[in-house]
Amino acid sequence: MRLAQLRQQYHSQICSEIIRITKDKTKEYPNFADGTNRGSVSIAWSIIEQFGCKVNYQSLKGQVVGNRFEEITRDFLANAFTAIQHLRPGNWLYTTEQTAISGFDQYEHLSYLNSVIGEDKSLASALGGDYIVKPDIVIGRYPISEDEINMSGEIVSLEDNVANLSPLRLSNQRNPRPILHASISCKWTIRSDRSQNTRTEALNLIRNRKG
């Protein structure tokens, strides 16, 4: 399927499963707009028009909407990646399970750091906490075995002193972990605090990445 078709399908799912129209005493507005802000409401109606959504007044709980938006977005990303599998081969992970970044190779040291800080009040006071981010959506790539690497002929050998530090090579890892490829903040609506949280997560990922 073409990427344009996948994108259209993604927008159609958002229309049918998430977007709803909220009614109050004086006006109607989409459920992702700030009903008290004229600009926000105008932009939201414009998005609905561009998506071609049908008006739906059936109410949905905020948490249900947020969770479904994450799932639909995850599925779109997985389908788009699959379409270009020949450009980015590998065994990929796509999840919305609030997976801690310490479960990935680049950030596995944060689990140890977190436990040490938790046991030492002086360190906790000096260094602070919240090292372990749990993104809304993560994409990871699993390391590959020697058989996969040498599928078309011997490229590496366990006896060679070559690529011994690469996390992509399964034989280099005692406790194999996937490699974090993308951390995605996926919010159905945006407030200033959510924007700030996204920025904090990004800085955390940059600052604490191994190497």
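T95 is buried, with a relative accessible area of 9%; buried means under 20%, exposed over 50% and partly exposed in between, using a 1.4 Å probe and protein chains only. What you're looking at is a predicted model, where local features need pLDDT of at least 70, side-chain atom pairs count only at pLDDT 80 or more, and totals for chains, interfaces and linings use all residues. Residues are numbered from 1 along each chain as its sequence is written, and side-chain values use heavy atoms, with hydrogens and water left out.

Back to T95. You'll find T95 in strand β3, residues 92-95. Strands are DSSP runs of E with at least two residues, helices are runs of H or I with at least four, and both are numbered from the N terminus. Setting aside neighbours within four places in sequence, T95 touches R74, D136, I137 and V138, where contact means heavy atoms within 4.5 Å. A polar atom of the T95 side chain also sits 3.0 Å from the backbone nitrogen of E97.

R74 leads us to helix α3, as R74 is one of the buried residues there. Others in that list include V65, F69, L77 and F81. The buried residues of α3 pack against α1, β3, β4 (137-141) and β5 (179-184). Those of α1, namely L6, Y10, H11, I14 and C15, pack against α2 and α3.

Here are the two helices next to each other; the expected span is 1.5 Å times one less than the number of residues.

| Helix | Residues | First to last C-alpha | Expected span |
|---|---|---|---|
| α1 | 15 residues | 21 Å | 21 Å |
| α3 | 22 residues | 32 Å | 32 Å |

Now for the cysteines. The structure holds one disulfide, meaning a pair of cysteine sulfur atoms within 2.5 Å. The partners are C15 and C53, with their sulfurs 1.9 Å apart. C15 lies in helix α1 (residues 3-17) and C53 in the loop between α2 (38-51) and α3 (62-83), so the bond ties together parts that are 38 residues apart in sequence. The torsion about the S-S bond is about -60°, so this disulfide is left-handed.

Are the two partners buried or exposed? C15 counts as buried at 10% relative accessibility, and C53 is buried too, at 14%.

C186, on the other hand, is in no disulfide; the nearest cysteine sulfur, that of C15, is 16 Å away. C186 is buried as well, with a relative accessible area of 8%.

Key:
Polar contact = N/O pair within 3.5 Å; in protein donor to acceptor, adjacent residues only side chain to side chain.
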